[in-house]
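The sequence and structure are shown first.

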Amino acid sequence: MDKRKTNLLPVFLLILPIVLNSVQGDKTILLRQTYMTLEEKEGAFFKNAADIDVYDRYFLVVDNIDNRILKFLMINNNRLDFQRSIGRPGQGPGDLELPIRISTWNEILAVQDQRGISFFDLDGNFKSRFRIFAGSISFVFSDNKIYYAAINPTKLDLIEVHSREGQRLYSFADKKELVDFNYNIVKGMSPATAEMAIFNCELLSDGQYIYLLNRRFGKVAKFSMPGEKVLEGTIIELFGKNELSKAKENRRLFLEEGYDFLETRTVPQYYIFRDAKLIGDNIYLLRDQWNFAEKKLDSLIEIKAIDKGSFELKSSYQASLSNDERFFSFSVAIEKDRPVFYVLFDTKEGYKVSKFTPS
Amino acid sequence: MYYLIQKRDTKYPNSPHPEKRADETKAYYHRNHCGMVDTDFFIGAKLYDCFILRFISLPRELTDDMGSEDGAVVLLYGKNLCGTCPAGKFMYRISGNRNIIYLVPDDYSSHEIENLRYTFDMSGKIVHSGREMENLLKRIKRCKKVKNSGANYYLQPRNGNKINTIEVF
């Protein structure tokens, strides 16, 4: 009798996590990390990467300091072969000044830099450019238009829409509806800086809708392309206690008690998620690495997949990290009907790109 | 000689770049063999440009449109012209003044001019600066010691069309 009990114990231990997961309804999938190797070619190294994106088989890196976009071809799932650099430093057509974000639509790459938006084809040929004067939080290029989350305290709407030629077409996403915020609550901070902190968001598009995801308060909203709100919700509950505490602290500082910027001279970055991408029917959220309770970076990467139609959790992905790895940007691709994640890390040795595959 | 002195680079006396070292050597030679220090030249050159600027007239077609004492000409050549930058904050402060005329580089499209007006709620006129203003801009840069190309200038005229105040933002 005793012997049978001992034989069943390992089987029981194996089944237990599966049973617990199904009871909780949480589908956590472990990720396997592979470092991408960079071919040693002239011009292939980047000093500072502000954003990354995967388009088809190409891997794009925004090299902020060198004022260019690097295009790599992904080979054998773990090698990046340098193809070309797009843009060059300067102020003329085809030149870039401190590029910060990219968005690709219909084989055209839109690059946001200090001056505005520049358009290139994926072979690096410059197409057009226009200037934008409002500060920005995020932008997305979709349906041949630029949807731009603009910092402008004198305006009621957050998202401005521009044609490829730079013509301002319309605006939407009422700021008061997104976050009911009183500008006087934060002391010593200009209204523009306060807006930048409060409306910090990620804009995504699937060509039919625009998705706005607020990093600080976890609010999400879905708009039709002309700007009509069709759905709203929150993503804080998808994450753990840590993110709940961050959202609570953000509410206290920016909406309830107030915040004295003159005292600290810094804006606390208590973000729910660090980056977000949309692919297929899912929105993928890269959880922010900052552990609010322990005041340190977590050695864990966590990605949540939510349904773009309902904002409900579909699956969670997790992997452990080594201590010095700090991530801040990622991209998603679909391989063999499964999502794979490319994550940009800032390590002591420099920037590294890792590929995370569901195991 | 003025340019030679201007090009000196005391920050890099031991620079590995031969050009920088050469400039430094020339400036050193000049300082020690002409009996003058470089700053005398520098101040002289700076004052000269500022002095000349006081006698330069702004084009009549600009100043005639101002009409009031609080009128000004603003040269928007800066790259950091965004709502969240210091230059943007300055723009918000002055944008309500109808008597300000804004000059933008000739490569601004009509959409970009409208974007500019919309962002800062500018009440004044926005026009392309034209080539005439380029010489004036060079002189203002020398007077104000602006080395980069990314600054904006607020010019307040006196006696109709002479430049009185220059503010860099």
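## Interface of chains A and B

Between chain A and chain B there are ten residue pairs in polar contact (both at pLDDT 80 or more); a polar contact is a pair of N or O atoms within 3.5 Å, where within protein one must be able to donate a hydrogen and the other to accept it, and residues adjacent in sequence count only if both atoms are side-chain atoms. On the side of chain A that touches chain B, β12 (126-131), β15 (157-163), β16 (168-174) and α3 each supply at least two residues. The largest share, three residues, comes from β12(A). Helices (H or I, at least four residues) and strands (E, at least two) are DSSP runs, numbered from the N terminus.

The model is predicted: local features need pLDDT of at least 70, side-chain atom pairs count only at pLDDT 80 or more, and totals for chains, interfaces and linings use all residues. Residues are numbered from 1 along each chain as its sequence is written, chains are lettered from A in the order in which they are written, and side-chain values use heavy atoms, without hydrogens and water.

| Chain | Residues in the contact (heavy atoms within 4.5 Å) |
|---|---|
| Chain A | 25 residues |
| Chain B | 19 residues |

A:Arg131, A:Phe133 and A:Lys155 supply 38% of the area that chain A buries against chain B, more than any other three residues. Buried area is the accessible area (1.4 Å probe) that two parts lose on being put together, summed over both; for chain A and chain B this is about 1,900 Å², 48% of it on carbon and sulfur atoms. A:Lys155 also forms a salt bridge (side-chain nitrogen of Lys or Arg within 4 Å of a carboxyl oxygen of Asp or Glu) with B:Asp121, the closest N and O atoms being 2.7 Å apart. The two chains share three salt bridges.
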